[in-house]
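The sequence and the model come first, and the account follows.

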Amino acid sequence: MSDATVVPGLGWPTAAGVVASMDATGERRSAIGWPPTDGTIDAAGGPSSNLERERSVNAGERPADVAERAQVRTAAELADFAMSGSLADMDTPIAREAAVALMAVGRRTAPMPEPEQTRVMVVANQKGGVGKTTTTVNLAAALAVSGLRVLVVDLDPQGNASTALGIDHHAEIPSIYDVMVEETPISDVVQKVEEIDGLWCVPATIDLAGAEIELVSMVARESRMRKAMDQHLKSEGVEYDYVFIDCPPSLGLLTVNALVGGDEVLIPIQCEYYALEGLSQLLKNIDMVRAHLNRELAVSTILLTMYDGRTRLAAQVADEVRRHFGDTVLRTAIPRSVRISEAPSYGQTVMTYDAASSGALSYLEAAREIAERGTTDQHGETRDG
Ligand SMILES: Nc1ncnc2c1ncn2[C@@H]1O[C@H](COP(=O)(O)OP(=O)(O)OP(=O)(O)O)[C@@H](O)[C@H]1O
Ligand SMILES: [Mg+2]
């Protein structure tokens, strides 16, 4: 992380332990976190630049024309278009058609590259409700519908990832609890996701809530996931391209187990107030795990979630995150989308619930970026070292 000046109100801890409130001139910085002095709210302003206005979708316009005018040809350009707010609201039919047309001129049909070896990605952020589970299941589904083989490990006692994938996870179902506490092989608890070929899930049941405490007194309590995963990935007939581990909103032993068991960390950051709160603690823990338990661990990916292109706040959070984390941040941001939030109640990912929605298209683009970035430089060595 760079030492550049931080914007107050986003949750960055300051040296003095207080959030700075004034800039050099003594003025309040109103945009991020502080209400403006005149009592008005400066968010929800609509497209803020001419470019964005030019690119937004006009009623009655043919999708192909929109695509042409927006000059969207690549994933990066699509990301820009989505970020402009034009795709933020897919409730209008024209925006929806435009998105489909845009993806058609993009590279939607190009196959996603297979990684040289299984990439085990830990989706972590101890802040609650930032989109960890949503990101886990939708990236996994996006990669699977693109022909890759993907395993989702639900490591959150809430079992949200299991629910979203339509996987039965009532108390008696063999689950990640049995793997972590009873040393049951992952192969014995894994379930196939019915709706999507190439997608599997290790469910979490409510039992896992007790595991955090049970693990404390166990041998090698931090490496139980690692051991189980290494064993599973070596077993016959198991050939995943990706494994995603969905962490609970805490930095306890379950999350530590995921960090020790994974190769890469993916941090979803919600484009909202206090987006960066607690992030330095997460990064410190990752450093500690890297120093003592898993030297290969790298924060490879940061994904901006719930991006609302109509608010300045979202753009400011995105700028701030990009300034601090540079290329680790995916070009594609996930827009706030009603379809994304509806999908889990149907036991589905947005990829199957509404494949043409902005949410599905963005997760597909984010997945493509992850796949295309590859891992050769970070993962030259195998998991066995
Ligand atoms: N892009 C989005 N647009 C709209 N709603 C979203 C989006 N992403 C996530 N949500 C909603 O926000 C809520 C929190 O998302 P999610 O459960 O993925 O977060 P989480 O980080 O896994 O939460 P927890 O910390 O409790 O595990 C959910 O209700 C989800 O449906
Ligand atoms: Mg979750």
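Strands β2 (residues 150–154) and β5 (residues 242–246) pair in the parallel sense over five bridges; strands are DSSP runs (E, at least two residues), helices are runs of H or I of at least four, both numbered from the N terminus, and two strands pair if DSSP finds at least two bridges between them. Asp-154 stands opposite Asp-246 in β5.

This is a predicted model, in which local features need pLDDT of at least 70, side-chain atom pairs count only at pLDDT 80 or more, and totals for chains, interfaces and linings use all residues. Residues are numbered from 1 along each chain as its sequence is written, while chains are lettered from A and ligands numbered from 1 in the order in which they are written.

The open sheet has seven strands, in the order β3-β4-β2-β5-β1-β6-β7, with mixed pairing. Its edge strands, β3 (191–192) and β7, each pair on one side only.

Among the buried residues of α12 are Leu-313, Val-317 and His-324; buried means 20 or more other C-beta atoms within 10 Å of the residue's own, with C-beta atoms placed from the backbone. Their cover includes β6 (264–270) and β7 (298–305). Just after α12, Gly-326 takes a positive phi of about 55°.

Ala-367 lies in helix α15 (residues 358–373). Ala-367 counts as buried because it has 26 C-beta neighbours inside 10 Å. Beyond four places in sequence, its contacts (C-beta atoms, placed from the backbone, within 7 Å) are Met-112, Leu-139, Ala-142, Leu-143 and Ser-146.

Around ligand 1 there are 19 residues, the closest being Lys-132, Thr-133, Thr-134, Pro-249 and Ser-341; a residue is near if its C-beta atom, placed from the backbone, lies within 6 Å. Elements that give two or more residues to this shell are α5 (132–145) and α13 (338–342). The largest share, three residues, comes from α5.

| Residues | pLDDT | Contacts beyond four places in sequence |
|---|---|---|
| 13–55 | under 50 | 56 contacts |
| 375–381 | under 50 | eight contacts |

Key:
pLDDT = per-residue confidence, 0-100. Contact = placed C-beta atoms within 7 Å. Buried ≥ 20, exposed ≤ 12 C-beta atoms within 10 Å, placed from the backbone.
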